[in-house]
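Here is a short tour of one chain, from its overall make-up down to a single side chain. Please keep the model open as you read.

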Amino acid sequence: NKSLELQPENFEVFVKQVDMLTKYKRKSELAYASQLIIQRLGNMLSTAVKRAVLWKTLGDHYRDVTKAKAAAAQAYECVLKITPDNHDVALELAAVQQTKRNTVGKALQIYHDLAIKSADPEKPVRELFELYGSRELEEFDKCLVSAATLVFLDKASNIETKAYEQLMSR
C-alpha cells in the first residue's frame with residue numbers, strides 16, 4: 001500500500017499486490033486494497049485499459065476468492081464492453097457461466113463465437129465438446145461436431161478421438 005500511496009497510477013504494483021493477496025486468500029485485505037486503489041485513482045481512470053485492468057482484477061477476486069460467480073461474470077462483462085476482442089476474458093466469462101444451468105446457454109454462445117473468431121479455436125471447441133457431452137446436456141450430435149473439429153485441427157486428445165470414433169459408428 002505504501003508504494004501505491006507514492007505512485008497511485010502504478011498499476012503494476014496494484015496487480016502484483018492483488019495476485020499475492022489472491023494467492024494467499026487474504027479476502028479482507030484484498031477487498032480493502034481494491035477499494036483504496038479505486039479511491040486513489042478517481043479521475044485518473046480515464047483510459048479504457050486502466051478500467052479494464054480493474055474490472056478484470058475484481059472479476060478474478062470474485063471468482064477465486066469469494067466464489068461469487070454472478071459478480072465475477074458481471075465484472076468480466078464490463079471488461080468485454082471495454083475490450084470486446086479480449087478472448088482470454090471471454091473464456092473466463094464462459095467458464096464462470098457454464099457452472100450454472102440458467103447461464104450455460106450464454107457460455108455456449110461465447111464458446112461458439114470464440115471458435116469462429118479466435119486464431120486458435122482449440123480451447124473453445126474443447127469446451128464445447130465437454131459441455132455438449134456432459135450429463136446435463138447430452139447433445140451428442142453437437143458433441144460429435146466438436147470432436148470432429150478437434151480431429152480435423154489435429155488437436156484431439158485420445159479421449160476426444162475415441163468419442164469421435166464411437167459417435168461416428170452410431
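Among contacts in the chain between residues at least 6 apart in sequence, what percentage join residues at least 24 apart? In this predicted model, the share is 43%.

The secondary structure comes to ten helices and zero strands. Some totals for the chain are gathered here.

| Property of the chain | Value |
|---|---|
| Residues counted as buried | 37% of 170 residues |

Let us turn to a helix pair. The axes of α7 (residues 104–117) and α8 (residues 122–132) come within 8 Å and cross at roughly 145°, and the crossing of α7 past α8 is left-handed. On the α7 side, Val-104, Leu-108, Tyr-111, His-112, Leu-114 and Ala-115 make the contact; α8 contributes Pro-124, Val-125, Glu-127, Leu-128, Leu-131 and Tyr-132. By type, these residues of the α7 and α8 contact divide into ten nonpolar, one polar and one charged.

Leaving aside neighbours within four places in sequence, Glu-160 is in contact with Arg-126, Phe-129, Ala-147, Leu-150 and Lys-155. The C-alpha atoms of Glu-160 and Ser-146 are separated by 9.0 Å, with the two residues 14 apart along the chain.

Methods:
Residues are numbered from 1 along each chain as its sequence is written. This is a predicted model: local features need pLDDT of at least 70, side-chain atom pairs count only at pLDDT 80 or more; totals for chains, interfaces and linings use all residues. Side-chain values use heavy atoms; hydrogens and water are left out. Axes are lines fitted to C-alpha atoms, for helices over the stretch in contact, and angles run from 0 to 180 degrees between N-to-C directions. Helices (H or I, at least four residues) and strands (E, at least two) are DSSP runs, numbered from the N terminus. A crossing is left-handed if the near helix is turned anticlockwise from the far one by less than a right angle, and right-handed if clockwise. Contact means heavy atoms within 4.5 Å. Ala, Val, Leu, Ile, Met, Phe, Trp, Tyr, Cys and Pro count as nonpolar, Asp, Glu, Lys and Arg as charged, and the others, Gly among them, as polar. Buried means under 20% relative accessible area, exposed over 50%, partly exposed in between (1.4 Å probe, protein chains only).
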